[in-house]
Amino acid sequence: MQTTVENTDKHTVKLTIEVPADQVDKDLDSTYRSIAREVKIPGFRPGKAPKPIIDAQVGRDVVLEEFVHQSVPSYFREAVTDEDLAPIGDPEVDVEQLEPGKSFIFTATVEVRPRLALTKDEYEGVAVEKPSTEPTDEDVDAYIERLQRQFAELEPVERPAQESDLVTVSQTVTRDGEQLDALTRDEYLYSIGSQEFGEAMDAALTGTKPGDIVEFDEDLAAERFGEELGGPAHFRVLVKDVKALRLPEADDAFASTASEFDTLAELRDDLRDKLREVKEREAEGVVRDRVLQALVDTVDVELPESLIADETAHRMHHAEQQASRYGLTLEQMLELQGWDRDRLAEDSRDHAIRAIKADLVLEAVARSEELEVTAEELGVQIGQMAQAYDRDPKELAMQLDRSGQVVTLAGDIIRSKALDILVERADITEEAPGAEEADASTASAEPAEEGMEEQS
């Protein structure tokens, strides 16, 4: 099969594809057999009618039209694979020649993904900072406090209730005058600040004393309480007592009780080592993100609007599915987060553009490095997927192959290998202490579309 490629627009190409006559004859025979199995012709068993009879019965033009319908997609896929093109959407096909004994010639005009060409000088030595992996005294103190809370005791207090106190309550929850038994509690120990039933309850209980009764309304989130209980509800809560957590003293005796160590110093050293390992793993992920983003920021590429629109729509659809899993509409989910559909669409588009550019960068690096995927690498990845989804690896491999998703999986592996190379050859320096907290503060002030997803 011969293919010529002509650029007809910024991101559009016209492929002229010529299929040899012997291949056409073979595929045309397959079309005849397919039609013969479907058409009932008197005097012939299904699938056994000869070509002239089929031509007379259904028409030669119908047979050729079915041949084009069946064969062009596979010819087109083979052509774009040979030419290393990535089509966007379906091609516009025009038949140029389809005659007995001659090659089949057709054109396919299609929009394609742009391609980047990067030299080693352009993608090696990317300068990024690695977050500090050394735990601070505050990090260790916070972990010690969590351990203290596990061994804390409750003691009654005379003062009004405050955050982190535990109050024993009896509560009645109603909706439209009907009691909601699933939420009604007696002698229930509630932690102020837990937001177990929403923010209103914490606010109402703060400052109360034993014997106080508070009433308030709360809109219960369906994703937490379920469809049946979700919605507006009225709470009436009687405070019976107020207790505070009395934390054990952080000393050697506590260390020997809460751990296998005899002294607090040994426990702190062990916690520091464990926290350092956690921070190291987290820092590796941050470095990978920063290296890729730094390279993406240097790329100037015009993206087809249809490509951006498809990726944006995919992200919006994912957000709708996420909301549906919680029994909510997308608008309800957005309202809970203080967003609206327009803001989500804008954020999804921004993320789509960054994701597309990141893929183009990694694909360019992969081509420059001539990266390939081995059968062993595919097998390992499929095995991990099979384990995650509790599937048989061979069955999953066959399904991925039949659906064409194995090509997508191979692409994911290649891009991951390309990112490995970028990180290995990057210029990585240690981040100044305190910079990580500043980054976190900035990030928290800027909601992202991933908040609507699994948070990828």
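How many bridges join strand β7 (residues 166-175) to β11? The number is 9, and the two strands run antiparallel. The model is predicted: local features need pLDDT of at least 70, side-chain atom pairs count only at pLDDT 80 or more, and totals for chains, interfaces and linings use all residues. Residues are numbered from 1 along each chain as its sequence is written, and side-chain values use heavy atoms, with hydrogens and water left out.

Helices (H or I, at least four residues) and strands (E, at least two) are DSSP runs, numbered from the N terminus. Two strands pair if DSSP finds at least two bridges between them.

| Strand | Partner | Sense | Bridges |
|---|---|---|---|
| β6 (153-156) | β11 (231-246) | antiparallel | 4 bridges |
| β7 (166-175) | β11 | antiparallel | 9 bridges |
| β10 (213-220) | β11 | antiparallel | 8 bridges |
| β2 (12-19) | β4 (104-112) | antiparallel | 8 bridges |

E155 has A244 as its bridge partner in β11, T168 has D241, and F216 stands opposite F235.

D251 lies in the loop between β11 and α8 (252-258). With a relative accessible area of 30%, D251 is partly exposed; buried means under 20%, exposed over 50%, and partly exposed in between (1.4 Å probe, protein chains only). From C-alpha to C-alpha, D251 is 9.8 Å from D262, while 11 residues separate them in sequence.

Two packed helices are described by the angle between their axes and the distance between the axes. Axes are lines fitted to C-alpha atoms, for helices over the stretch in contact, and angles run from 0 to 180 degrees between N-to-C directions. The axes of α1 (residues 21-38) and α2 (residues 51-58) come within 11 Å and cross at roughly 65 degrees. In α1, D29, Y32, I35 and A36 meet K51, I54, D55 and V58 of α2, where contact means heavy atoms within 4.5 Å.

A nonpolar core is a set of buried Ala, Val, Leu, Ile, Met, Phe, Trp, Tyr and Cys residues joined through side-chain atoms within 4.5 Å. The largest one has 29 residues, and L116, V291, L292, V361 and L422 have the most contacts inside it. Two or more residues each come from α9 (264-297), α10 (305-325), α12 (341-369) and α15 (405-424). The largest share, 8 residues, comes from α12. Leaving aside neighbours within four places in sequence, L116 is in contact with V299, V301, L360, V361, A364 and R367. Apart from this core lies another, of 26 residues, among them V19, A36, F104 and V112.

The axes of α10 and α12 come within 8 Å and cross at roughly 125 degrees. That makes α10 oblique to α12, since angles under 35 degrees count as roughly parallel, over 145 as roughly antiparallel, 65 to 115 as roughly perpendicular and the rest as oblique. Residues making this contact include L307, I308 and M316 of α10 and L344, A345 and I353 of α12.
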